[in-house]
Structure formats: structure tokens, C-alpha cells
Amino acid sequence: MIRDSITGKKLSIFGGEKEFKESIIISRPTPPPFQDIEEPLKEVLGNKWLTNGGKFLKSYEEKLSGYIGSKCIATSNGTVALLILAKALGLKGEVIVPSFTFPATATSFNFLNIKTKFVDIDKETYCIDPNEVKRAINEDTSAIVPVNIYGNCCDIKKLENIAENNDLKLIFDSAHAFGAKYNGEMVGNFGDAEMFSTHATKILITGEGGIISSKNNELLDKIRIQQNFGYDDLKDKSQIQTVGINAKMSEFPAIIGLWSLDNFENHKNRRNEIAKIYLNRLSKIKGIGFQKTTPGCERVYQFFSILIDKDKFGVDRDQLAEVLMKENVLTRKYFYLPVHQQHPYKTVEHDKLKITDEISSNILCLPILSDMTNDQAERICALIKLIHEQAEEINNYFRKTS
Ligand code: T4K
């Protein structure tokens, strides 16, 4: 049944019952049922081979490579994947990144003393603006690091052209975009390399985990060495080839990853259906805007965001989040604060990031889960509609309680 409103519902801030008895969290993982991974777990424990190029890791990497169409290396997480990529590519000086992202995008480079030049995003797709990238290039720039934000794709073609024309490396932070396609090709096949996160909050999960994909075998060889303390297992087990780190994935997350990959299409499709409900229902409410999908992109829904125009919607983003929280709907303000406003970055010079600041102040990500029901999504939409309808009372409530 399609719900347009919740008849007779009294909002919880006004003393009504919570709409949901149990919290609906922004991004709860869908882990495997125990019986589905019992056999491989027994095998690993029985074999006493827990990590360092184990059987399940190999199989996971092979399946990933088959799915993406470029060779994939699994890592301990996405942050360290970016870090070893930067090291393997020999980046230095400055890299161009958006500020509208999770701090890890920038951290991975700063950790290696590579500076991050923050540039603004496109106001519709929320992805890095290629024109701003062009403007930011200088003699210190060594790479461009666009982020395929929320599961949307950047303007990949333009960015590839800019990188090529300026002899720069191009690394995609595709932490959110596993399973997305651009011009019919899987994300993971672009630039010099791409990084995915398989953290518990993602669609493809391993608990903690990351993936590096690339078509450049020489680069992948370097990454294998980088993630293994600097040892090249094929050469000399007593001599490190370079200063490396431990960024390996062990057998347990690989087993979860194998299950998650087998179930990925179902999970992706479920989220697409939830997103359809959100788009359909919420587009009828004044003052709610949506991220536009980049032309040529078949996106995935790592996150579903709404952009609140307070003047038209009636209450602001923070108030909406609070009223929803009281109903047990736990949203997140990804990505507020943007990276350039985080403490370590406040002294970093950058041009005005007007669109980043504006979107970051008004964005709200709604729960989108791989096992969410249509009814849950419709009730969330009905709640948002009710909040819009009762905007005046809600404003009075916040005036009195602040
Ligand atoms: N680049 C980008 C663009 C990224 O977004 C990220 C990470 C990275 C790079 C780095 O990749 P990793 O190094 O993480 O692989 C989360 C994730 O930890 C992080 O992976 C993710 N992006 C970021 C957007 O979100 P938090 O601090 O917001 O997560 P947390 O612990 O508050 O969890 C979010 C919600 O999920 C909570 O409400 C509870 C729920 N949850 C969480 C976990 C861990 C569960 O239900 N079960 C769980 O096991 O960072």
C-alpha cells in the first residue's frame, strides 16, 4: 500500500509514540547468515592458515577482478589503500581533492606529507568540478583525486582528459561506488587506479577492507610490495625492496567479502528500489532537492541524500534530523563538516568553496539499507511530509527549547 501520510500521527517531539520501535540506522550492514559461512570458516580454522595470501583471499581477489574487469587487490581498509597507491605512484607535492568527502580521502595523502588542494564541487552532482580542477593545477600538482560521491560517478571523461593533457596521475576514490558503471563500463576501470572501501557500512562488505583496481600491472606489483611491509615475496624474503606497510587482508574478511559479492546484485537492486520510493515520494514535497546522477552514470546508492531548502521546506536540516531521530530514524549529515573546515585543515589555503559549504550545511542522508522494506521507506517519507506540514509548530518547539 502506498502511504502519503501517517493519519492521526502525533510527532514524538510533541509527545506522540515513536514511529519506529527499533531504530532505522543510516547504514546497517547486511552480514552473511552464519550457516552460509560456516564451512569456509571451519576450513580456515582447520587449515591454520589465517592470512598472508590465503586461499579465500585469492579467490575473493579473483572474483573481484572478474566482476570489475580490471585486476583487484584487497587491502585492510580503503584509507590505507589510497595511501599505498599514492606511495606506489610516487606522488609528491600537491594533489587536487574535493573537500566534500570523508576526511580519509585527504588524510591518506597528508600522511605522506603530500599537500591537498581542495576544490569545489558541481552543485548538481556533488562531484568535483572539472573546471575548478583545471584552475587548481600548478607546478606542484602530481595527481587528481576525484571522489565518486554517494555512489554517483564524477565527470570521468573530462577528468581523464585533464589528467592526460597535464601529465597528472588520476586516482578515483570510489569508496562509495562499487558496482556503479560509467558509459557502460564498471567503475574500477578508470584513471591510473581506483580505490573502493568495503567497510561494514558499504554495500559490498568485509567489515574493514578496501580494494585497489587498476589495469597497470607494474603498478599493481608495486602495490603488492607496498602492502606487504616492502617485501616482494617472489624475490627475496629477507630483504625489503622499499619502505612498505602492512595493508593485507586476512582470510576472515575475505570469506565475508566472497559472500557479499555473491549477494551484491540483490543488495544493490534493493537499494535502487528504496531510492526510487524516496525520489518518488519526496519530490512532491517543497524544499527538498536531490543529487543529480552524472550523465552516462549508472549509479549505486551507497547513500541517499536530500538537500533541504529551509525557506521552502519550513524547517532546517538540523531540525529535520532531530525530529526524525526522535522517531527512531537515524540520519547522518555526510559530509558536514567538509574536510577544509576540519581542525587539521583550517590553515590550508584554498579558493572559496561556496558550493561545498552550501551543500554541506543543508545535506541529510536518509537510511538506505540492503535489507530495508518498502514500507519502512514509505513511512520515512510520510514522516518527512508530516514534518513539512507541521513546520510552524516545529519551529515554535525549537524556539521554546533552545
Ligand atoms: N573515502 C571516502 C569517500 C569514504 O567515505 C571513506 C569511508 C573512505 C575514503 C575510507 O574508507 P575506509 O578506510 O573506511 O575503508 C563511516 C565508515 O567508517 C567509513 O568507512 C565511511 N567512509 C564513512 C562515510 O562512514 P562513520 O564514523 O560515519 O561510521 P559509524 O561508525 O558512525 O557508522 C555509521 C552507522 O553505521 C552508525 O550509525 C552505526 C552503523 N553501523 C556501523 C558499523 C561499523 C552498524 O550498524 N554496524 C557496524 O558494524 O564512518
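Predicted model: local features only at pLDDT ≥ 70, side-chain atom pairs only at ≥ 80, totals over all residues.
Local features need pLDDT of at least 70, side-chain atom pairs count only at pLDDT 80 or more, and totals for chains, interfaces and linings use all residues. Residues are numbered from 1 along each chain as its sequence is written, and side-chain values use heavy atoms, with hydrogens and water left out.

**Around the ligand**

The shell holds 26 residues; a residue is near if one of its heavy atoms lies within 4 Å. Thr-79, Asp-173, His-176, Ser-197 and Tyr-334 come nearest. Domain 1 (12-29 + 264-401) and domain 2 (34-262) both give residues to the shell, so the ligand lies between them. The domain bounds come from an automatic or database domain assignment.

| Residue | Atom in the residue | Distance to a ligand oxygen atom |
|---|---|---|
| Gly-78 | backbone N or O | 2.9 Å |
| His-199 | polar side-chain atom | 3.2 Å |
| Lys-202 | polar side-chain atom | 3.0 Å |

The protein covers 75% of the 920 Å² of accessible area that the ligand has on its own. Such areas come from the Shrake-Rupley method with a 1.4 Å probe.

**Backbone spots**

A cis peptide bond joins Tyr-334, one of the nearest residues to the ligand, to Phe-335. Its omega is about 5°. Another cis bond runs from Tyr-336 to Leu-337, with omega near -5°. Tyr-126 is not a glycine, yet its phi is positive, at about 65°.

Key
Polar contact = N/O pair within 3.5 Å; in protein donor to acceptor, adjacent residues only side chain to side chain.
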